[in-house]
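Look at the sequence and the model below. The report that follows goes through the parts one at a time.

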Amino acid sequence: MSAPGDDTTEHMRRRRMEIFAFLFLTAVVMPALAIGTVGSYGLAVWIYQMFAGPPGPPPTPH
């Protein structure tokens, strides 16, 4: 049997863990995903331009 105060203590502990999880996701995981996404896109464009050349009109013949 659990004591009468255990339910409130468990509820507060769960609430604290939810707040921690939210803060961890918003302060660590989401910025890391954003940086990784933008960085990998930039790397892909850079590698593509090494083979296809820089963007712009083709050079005019002389």
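## The end of the helix

Helices here are DSSP runs of H or I with at least four residues, strands are runs of E with at least two, and both are numbered from the N terminus.

This is a predicted model, in which local features need pLDDT of at least 70 and side-chain atom pairs count only at pLDDT 80 or more, while totals for chains, interfaces and linings use all residues. Residues are numbered from 1 along each chain as its sequence is written, and side-chain values use heavy atoms, with hydrogens and water left out.

Helix α1 covers residues 6-52. Its 47 residues reach 66 Å from the first C-alpha to the last, which is close to the 69 Å expected at 1.5 Å a residue. The expected span is 1.5 Å times one less than the number of residues in the helix.

At leucine 25, α1 bends by about 35 degrees. The bend is the angle between two axes, one fitted to the seven residues ending at that residue and the other to the seven starting there.

Tyrosine 48 and glutamate 10 are 38 residues apart in sequence and 54 Å apart in space. For phenylalanine 20 and tyrosine 41, 21 residues apart along the chain, the separation is 31 Å. Methionine 12 and leucine 23 are 11 residues apart along the chain, and 17 Å lies between their C-alpha atoms.

## The salt bridge

How many salt bridges does the structure hold? There is one, where a salt bridge is a side-chain nitrogen of Lys or Arg within 4 Å of a carboxyl oxygen of Asp or Glu. Arginine 14 forms it with glutamate 18, and their closest N and O atoms are 3.7 Å apart.

Side chains of opposite charge can pair when their charged atoms come close. Arginine 14 and glutamate 18 are separated by about one helical turn because they are four residues apart in α1. Arginine 14 is exposed at a relative accessible area of 56%, whereas glutamate 18 is partly exposed at 45%. Buried means under 20% relative accessible area, exposed over 50%, and partly exposed in between (1.4 Å probe, protein chains only).

## The aromatic pair

The structure holds one aromatic pair. Phenylalanine 20 and phenylalanine 24 form this pair, which is stacked, with 6.3 Å centre to centre and 20 degrees between the planes. Rings of Phe, Tyr and Trp (its six-membered ring) pair if their centres lie within 6.5 Å; planes under 30 degrees apart count as stacked, over 60 as edge-to-face and the rest as tilted.

Both phenylalanines lie in α1, four residues apart, or about one turn of the helix. Phenylalanine 20 is exposed, with a relative accessible area of 53%, and phenylalanine 24 is partly exposed at 41%.

## The nonpolar patch

Met17, Phe20, Phe24, Leu25 and Val28 make a nonpolar surface patch of about 490 Å². Patch residues have over 30% relative accessible area and no salt bridge; like charges are joined within 9 Å, and nonpolar side chains (Val, Leu, Ile, Met, Phe, Trp, Tyr) within 5 Å. Accessible areas come from the Shrake-Rupley method with a 1.4 Å probe, and for residues only the protein chains shown count as cover.
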